[in-house]
Structure formats: structure tokens, C-alpha cells
Amino acid sequence: LDAAAMKGGRALLGEGGWALRVAVTSASGRDEANFCGVSAAGDEADAPNPPAPLNGPDLRFISPDGARLALDFRRGDAAGQEWEIEVAAPAGEVTTVRCPDLSPLPGDLGVLLLDRDAGRTVSMRTTAGYGFVAGETPRRLLLRVVPAASTLCLSAVTAQQTAPRRAAITYALSAPAAVIVDLHNIAGRRVARIAASEAADAGVQSLSWDLRSDRGTAVPAGRYLVRVTARSEDGQQVNALAALSVAR
């Protein structure tokens, strides 16, 4: 099954219907032949998963009766729909679940991916994918379609030096959240935690940093990455990066 085949099935989807691809990748391969969505045919459009690969990751939608599906379609309103997902991959591999193309989804809707075991919720509109290290047993996730207004978005992240010993970081939130701001060197090592789970309101926010590391020493001149992570009360988590050049 591919995207072209799904686009050719407009009659099956019906007025207001849509199909969303959900893919999984890991070092040993990928599984991209999985679609969920809303269809005029409802569960008549569901299809069993192909045989699980001998190697590599495998993604399945789990229906209420326990069936493992490659296609899982529902009737009715899109908002509030949710799909149980089971992801299997070779143990120890970094595994990423993605929604490669959200354009079929109506613009007033968002998609949340919940990992209840890890206590994490990510917005698939603002995150390239959700990654985890595969274990011995499959990981269970929940894909939920919600009104876009209820999804947490982080945008307009900037960082710049404003004085010899001062830098300014700005960002915008769509909803209140707890925010962590970290500074990393080009090797990826954290140099300073600029904000530690500080409460921030919706809208544009800014903070000032004294160009000192966690040890209290002045950071050397050079290029750094500022990572902003925001987490809402309902568990949604988003992050974004901005470059910062420090001159001495």
C-alpha cells in the first residue's frame, strides 16, 4: 500500500474523509504502509497488517477487539478519535514513529502521540517524530486527534548576544507551559541550564542569560545551540532549537 493508492480511494473515504500515514523507522528498516483516518465506509475499509518482517520495525493499529491492522478507519467526527498503536523493533534500536504528511488532516485538527509508559505526549504537527529505544516487548502508543487549539506549539525561538556579558532568548507559546532552556556546545554537551521548568504564559516570552556555565564560569567564545523544551499540564511536550554565537 502506498500514498498514491490511498489518494486514489477518494470514493472510499467519502466527503470529509481523510487518511493519515503513520510510519516507523529504525536502524534495521522501516514500515510505512499503515494508515488511519475517517472514512464513509468506516471499519469496512480496515485491512489486516501484512506479515511482520523477519527483521526491522513493525507498526500495527490495535482495534478494540484486538485485531492488528494496517488500515484502521472510523466513521463520525474526526476530533476525539484515537487509535491504539503497537510498535515492535529489534531490542536496543532507536525507533522513531512519524506522521510524514499531515496535509490530509483538516487544518483545525491536531494529532497527539501519547506514550503512557514514559509519561510523554507530543504534538505531531510540531515534532518531526517520537523516538524511543525498543525493548524486548512491543511499545504501546496512543494516537489522538484533537482540536488544533488544544495542542501546545512552540515557535519563534531566537537567541542573540546583546552585551559583552548578556544574551537574550525569546520564544512563543500557544498555551501555558513549564519551560526548560538549556545551552549546548557544538559537541552536544550541556553547558548551562538557563531555565529549569519555569512557568510561562501563552504568548511571546523572553529571558536573559549572563553567559555563564552551570559551574559559574564565563563560557568561551564560539557557537552554541539553545534548546527550549515546553511541557503543558496535560503532558504535551515540544522543543525547538536556536543558534547562539558568543563573542568575547
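Predicted model: local features only at pLDDT ≥ 70, side-chain atom pairs only at ≥ 80, totals over all residues.
I begin with the cores. The largest nonpolar core holds 30 residues, and those touching the most other members are Tyr171, Leu173, Leu183 and Trp209. Seven elements are listed as giving two or more residues to this core: strands E14 (154-163), E15 (166-173), E16 (177-184), E17 (190-200), E18 (203-209), E19 (222-231) and E20 (236-246). A second core, of 26 residues, is separate, and Leu69, Leu109, Val122 and Leu143 are among its members.

Let us return to one residue of the largest core. Which residues does Trp209 contact, once neighbours within four places in sequence are set aside? They are Arg165, Arg166, Ala167, Ile169, Leu183, Ala192, Ile194, Val219 and Leu244. Of these partners, Leu183 was also named among the residues that touch the most other core members.

I turn now to strand E12, residues 130-133. Tyr130 and Phe132 form its covered face, whereas Gly131 and Val133 lie on the uncovered one. Strand E12 runs antiparallel to strand E9 (residues 94-98), and four bridges join the two. Within this pairing, Phe132 of E12 has Thr95 opposite.

Is Thr25 buried or exposed? Thr25 counts as buried, because its relative accessibility is 16%, and the cut-off for buried is under 20%. Beyond residues up to four places away in sequence, Thr25 touches Thr95 along with Arg30, Pro57, Val94, Thr96 and Arg98.

Thank you for your attention.

Methods
Residues numbered from 1 in each chain as written. Heavy atoms only, no water. Core = buried A, V, L, I, M, F, W, Y, C linked by side-chain atoms within 4.5 Å. Buried < 20%, exposed > 50% of the residue type's maximum accessible area, 1.4 Å probe, protein only. Contact = heavy atoms within 4.5 Å. Pairing = 2+ DSSP bridges.
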